[in-house]
Amino acid sequence: MGLLAAAGLDRVGVRPVPRVAVLVTGDELVDEGLPTASRPRDALGPALPGLLAGLGADAAHPTRVGDTVEELTRALRLALDVREPTAQVDLVLVTGASSLGPADHLHKALADLGAELLVDGVACRPGHPQLLARLPGGTPVCGLPGHPFAAVAAVMTLVAPILAVLDGRRPDPVTRCRWDGPRREHDVMLVPVRLIGGTPQPVGPSHSASLVAVAAATHLLVVPPGSDDPQMLRLPTGLVH
Ligand SMILES: Nc1nc2c(c(=O)[nH]1)N[C@H]1C(S)=C(S)[C@@H](COP(=O)(O)OP(=O)(O)OC[C@H]3O[C@@H](n4cnc5c(N)ncnc54)[C@H](O)[C@@H]3O)O[C@H]1N2
Ligand code: MOO
């Protein structure tokens, strides 16, 4: 504002920050205490608002949704059925329901709502069970994998460009680096790294179920099969702060 005033600009165009509804599925998830193998802590409810804020979006309070198609369909309807114009959402994210397991109900819920499926799976690791659909009113829905690092990878590659468009921003220019680290034979590999002296260094073993490596990283490398000059995506600080 100070810069605008100093430049003598009395009128400027503004856009509202894109609003995102986050629906977290998973009856096995717990919200306090130490996790066990069968009862993991919900890591995405706490992680996504900060990560999305770092990408320029407002995702206030994630909603926990039970693992039935009826509950998910109802939650999607509720997220969209907001009368107050300033509270309407521009994008809906659903975690942990886009794969093909018995508790993965997003495909069915979207079909019941008459949504158009635009992307159904992406050839990347982690994060392949991600999807993009458009609901009849036009609102986009992204399905994010339940594994926390896989979900962050999907946010950085699928959700971030959608937010940039909703926000009227140009996509960030593509930044590349040299890379002689691991890559996959068939899928794009997403590797959390720290930039040290301009060179990307992997931040230890990264597993799709763990946020440890990506929380310590500054960038995510997008390494296609056979590539030695992958694209670097800068991770917003919101993931760790
Ligand atoms: N039949 C198939 N099954 C699976 C496939 C597949 O292609 N076919 N892909 C596997 C991969 S890879 C991933 S990733 C997962 C993603 O599936 P979902 O998105 O449906 O996620 P869930 O199965 O619900 O969860 C996976 C894992 O992550 C834990 N989880 C879920 N939500 C959270 C959260 N908010 N915080 C922390 N941890 C979470 C959940 O308990 C599971 O352990 O699908 C595979 N299966
Ligand atoms: O998308 Mo899954 O992460 O590849 O574990």
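Predicted model: local features only at pLDDT ≥ 70, side-chain atom pairs only at ≥ 80, totals over all residues.
**Exercise 1. Helix α3**

Find out which residues of α3 are buried, and where on the helix they sit.

*Solution.* 
- Step 1: Locate the helix. α3 runs over residues 69–80, which makes 12 residues. From its first C-alpha to its last it reaches 17 Å, close to the 16 Å expected at 1.5 Å a residue.
- Step 2: List the buried residues. They are Val69, Leu72, Thr73, Ala75, Leu76 and Ala79.
- Step 3: Look at their directions. These residues cover an arc of only 160° around the axis, so they lie on the same side of α3.
- Step 4: Turn to the face directed away from that buried side.
- Step 5: Ask what the buried residues pack against. Their partners are the strands β1 (20–25), β2 (63–65), β3 (91–95) and β7 (140–144), together with the helix α4 (106–112).

**Exercise 2. The surroundings of ligand 1**

Describe how the protein surrounds ligand 1.

*Solution.* 
- Step 1: Count the neighbours. Ligand 1 is surrounded by 21 residues, and the closest are Glu28, Asp42, Ala43, Asp104 and Gly146.
- Step 2: Check the nitrogen atoms of the ligand. A nitrogen atom of ligand 1 lies 2.9 Å from a backbone N or O atom of alanine 43. For arginine 41, a polar backbone atom is 3.5 Å from a nitrogen atom of ligand 1.
- Step 3: An oxygen atom of ligand 1 is 3.5 Å from a backbone N or O atom of histidine 147.
- Step 4: Consider the surface. Ligand 1 taken alone exposes 860 Å², and the protein buries 71% of that.

**Exercise 3. Leucine 233 and histidine 219**

Work out how far apart leucine 233 and histidine 219 are, in sequence and in space.

*Solution.* 
- Step 1: Place each residue. Leucine 233 belongs to strand β12 (residues 231–234), and histidine 219 belongs to strand β11 (residues 219–223).
- Step 2: Compare the distances. The two are 14 residues apart in sequence, while their C-alpha atoms are 5.4 Å apart.
- Step 3: Judge burial. Leucine 233 counts as buried because its relative accessibility is 16%, below the 20% cut-off. Histidine 219 is also buried, with a relative accessibility of 11%.
- Step 4: Look at contacts beyond four places in sequence. Leucine 233 touches Met156, Thr157, Thr218, His219, Leu220 and Val222. The contacts of histidine 219 include Val191, Pro192, Met232 and Leu233.
- Step 5: The side chains of histidine 219 and threonine 218 form one at 2.8 Å.

**Exercise 4. A cis peptide bond**

Determine whether the peptide bond from arginine 125 to proline 126 is cis or trans.

*Solution.* 
- Step 1: Most peptide bonds are trans.
- Step 2: Read the angle. Omega is near -5° for the bond from arginine 125 to proline 126, and this bond is cis.
- Step 3: Find the place. Proline 126 sits in the loop between β5 (124–125) and β6 (131–134).

**Exercise 5. Aspartate 187**

Is aspartate 187 buried or exposed, and which side chain does its own side chain meet in a polar contact?

*Solution.* 
- Step 1: Locate aspartate 187. Its loop links β8 (175–176) and β9 (188–196).
- Step 2: Aspartate 187 has 16% relative accessibility, so it counts as buried.
- Step 3: Identify the partner. The side chain of aspartate 187 makes a polar contact with that of arginine 125, at 3.2 Å.
- Step 4: Complete the picture. Beyond four places in sequence, aspartate 187 touches Ala123, Cys124, Arg125, Val223 and Pro225.

Note on methods:
Residues numbered from 1 in each chain as written. Chains lettered and ligands numbered in written order. Heavy atoms only, no water. Helix = DSSP H or I, 4+ residues; strand = E, 2+ residues; numbered from the N terminus. Expected span 1.5 Å × (residues − 1). Buried < 20%, exposed > 50% of the residue type's maximum accessible area, 1.4 Å probe, protein only. Arc of directions from axis to C-beta. Contact = heavy atoms within 4.5 Å. Near = heavy atom within 4 Å. Polar contact = N/O pair within 3.5 Å; in protein donor to acceptor, adjacent residues only side chain to side chain. Areas by Shrake-Rupley, 256 points an atom, 1.4 Å probe, with all protein chains shown as cover.
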